[in-house]
Amino acid sequence: MAAAFLDLESSNSWVKLNNVADLDADYAALLDECVDEISNLSGRDLRRHLTLAQFTVFCSSPGSVTPYHIDHETNFLCQIAGEKEVCLWDPRDRGILSEREIERFYTGEINAARYREDLEPKARRFDLRPGLGVHQPPNAPHWVRTGASASITVSVNLSHKDIDRRAHVYQVNHLLRKAGLSPRPPGQSAWVDGVKSLPMSWLGTSKPRSADDVVFSGLERLRAPWYWLRGVK
Ligand SMILES: [Fe+2]
């Protein structure tokens, strides 16, 4: 890995460093500054709503492509070195991203969002160079391509209570659908969404160390007895 990192221009590789603020106090302080700055600029007190804030660093060789996908968190992608093309779609448009795709994503299918040629006219393209960044809303489909030289990008990843609750509603909907019901998607009734999300919130870890912990720890605990029984069989 060290060789790939040191010779990024020609090693045709990429390195993803997760949660660097947990490893270095300077990064932790910088992350705090970023959260404060985003709070001030957005006019929302993010700290009241945050369940997780992390730095992820992407180092990639020229021409590297991250295929079309969605993420749970809201991200602020900041370009440090090299250039990057980011193609981004509106996560609220159900003609682009269907309810079923989101539901499958939240039950563990990381490539649930499917790229189609007919989505191209609806894409927004951002050409990042050092000093520029782009905001990716939660679940916004996107793909990313590194330019002609090696690239370093820092992503500020934020999970907050609203989107975590929504993710848990999708998980409960999946279970209800498997039971033969036709649950309504999240966003139609705050009361119903609140009730649906409770089991996953109760079962989930109280000290998440990653977005996966935030989203999936409750579902995994719920599924654990089933997996255990299958293993015994
Ligand atoms: Fe992503």
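Helices (H or I, at least four residues) and strands (E, at least two) are taken as DSSP runs and are numbered from the N terminus. The structure is a predicted model, in which local features need pLDDT of at least 70 and side-chain atom pairs count only at pLDDT 80 or more, while totals for chains, interfaces and linings use all residues. Residues are numbered from 1 along each chain as its sequence is written, and side-chain values use heavy atoms, with hydrogens and water left out.

Asn19 is placed in the loop that joins strand S1 (14-17) to helix H2 (25-42). Although Asn19 is a residue other than glycine, its phi is positive, near 50 degrees. With a relative accessible area of 13%, Asn19 is buried; buried here means under 20% relative accessible area, exposed over 50%, and partly exposed in between (1.4 Å probe, protein chains only). Asn139 belongs to the loop between strand S7 (133-136) and strand S8 (142-146). Its phi is also positive, at about 65 degrees, and Asn139 is not a glycine. The relative accessible area of Asn139 is 0%, so this residue counts as buried.

The protein chain falls into domain 1 (2-160) and domain 2 (162-232), with bounds that come from an automatic or database domain assignment. A distance of 24 Å separates the C-alpha centres of domain 1 and domain 2. Contact (heavy atoms within 4.5 Å) involves 23 residues of domain 1 and 21 residues of domain 2. About 1800 Å² is buried between the two domains, and carbon and sulfur atoms give 54% of this area. On the side of domain 1, Glu103, Tyr106 and Thr107 lose the most area to domain 2, together 34% of what that side buries. Buried area is the accessible area (1.4 Å probe) that two parts lose on being put together, summed over both.

Three salt bridges are found across the interface of domain 1 and domain 2, each defined as a side-chain nitrogen of Lys or Arg within 4 Å of a carboxyl oxygen of Asp or Glu. A salt bridge links the side chains of Arg44 and Asp162, at 4.0 Å from N to O.

Helix H6 covers residues 190-203. Its 14 residues should span 20 Å at 1.5 Å a residue, and the end C-alpha atoms are 20 Å apart, which agrees; the expected span is 1.5 Å times one less than the number of residues. Within H6, a kink of about 35 degrees lies at Ser197, shortly before the proline Pro199. The bend at a residue is the angle between axes fitted to the seven residues ending there and the seven starting there. Ser197 is buried in H6, as are Val192, Asp193, Lys196 and Met200.
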